[in-house]
Amino acid sequence: MRSLFFVLIIGILPNKLSGQKMISREGGHCFSLSVPDYMVKTYKLNNVASLQYQNIRREAYVIVIEDPKEQLDEIGMHFTGPEDFISGFLKEYKGDAAERSVSSTSTFDARSNRLAQATINWTEDENQFHMLVTAVETRTHYYKILCWSVNEHWEELKDDFEKIASSLKD
């Protein structure tokens, strides 16, 4: 009889003590990006990037940095859209480089996301670099997609870089 009493207590007690409603929460975040098959995954380009791809022979490089809107809001960083999100980066990145220029920013929609895009050109160690900078706004995140190369490969890679930047799905 005593063991039956303990079985009943053990079976009932957890239900009585856990009167709180449980809510399902998500951890981590998944997104995808289409990358040309000539590029390979790397981990050496940027220590905060979620995705990194390169082709050393073609001097083609791509990184994606993701920022959850919830975390940005928590630290007081509020953006009105993707153009606002990348404006500071466009002003500051390689700001002290020789012969630096930034194109005007264009905005457009792709895959139900809002995008802002501009190109930064600069000279460093006698090399001319070109970077396509794209900010993608989704419902929950901002993404910064940086695609770059040197002058001699830029024209052949530019179309691929634009396709990469427009392909993000989350």
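This note goes through the predicted model point by point, from the overall fold to single residues.

1. Basis of the model. Local features are taken from this predicted model where pLDDT is at least 70 and side-chain atom pairs at pLDDT 80 or more, whereas totals for chains, interfaces and linings use all residues. Residues are numbered from 1 along each chain as its sequence is written, and side-chain values use heavy atoms, with hydrogens and water left out.

2. Overall make-up. The protein chain contains four helices and eight strands, where helices (H or I, at least four residues) and strands (E, at least two) are DSSP runs numbered from the N terminus. In sequence order these elements give the pattern α-β-β-β-α-α-β-β-β-β-β-α.

3. Burial and surface. Of the 170 residues, 38% count as buried, with buried meaning under 20% relative accessible area, exposed over 50%, and partly exposed in between (1.4 Å probe, protein chains only). The protein chain exposes about 11,200 Å², of which carbon and sulfur atoms supply 50%; accessible areas come from the Shrake-Rupley method with a 1.4 Å probe, and for residues only the protein chains shown count as cover.

4. Strand β2 and its partners. Five of the five residues of β2 (residues 51-55) are buried; L51, Y53 and N55 point one way from the strand, while Q52 and Q54 point the other way. Strand β1 (residues 40-41) pairs with β2 in the antiparallel sense over two bridges, pairing being assigned if DSSP finds at least two bridges between two strands, and K41 stands opposite Y53. On β3 (residues 60-68), which also runs antiparallel to β2 and is joined to it by five bridges, V64 stands opposite L51. Four residues lie between the strands of the β2 and β3 hairpin, where E59 takes a positive phi near 55 degrees.

5. Cysteines. The count of disulfides comes to zero when a disulfide is taken as a pair of cysteine sulfur atoms within 2.5 Å. C30 counts as exposed because its relative accessibility is 69%, whereas C147 counts as buried because its relative accessible area is 1%.

6. S101 and its surroundings. S101 is found in strand β4 (residues 98-102), and its relative accessibility is 35%, so S101 counts as partly exposed. Leaving aside residues up to four places away in sequence, S101 touches T119, I120 and N121, a contact meaning heavy atoms within 4.5 Å. The C-alpha atoms of S101 and I120 are 5.8 Å apart in space, although the two residues are 19 apart in sequence.
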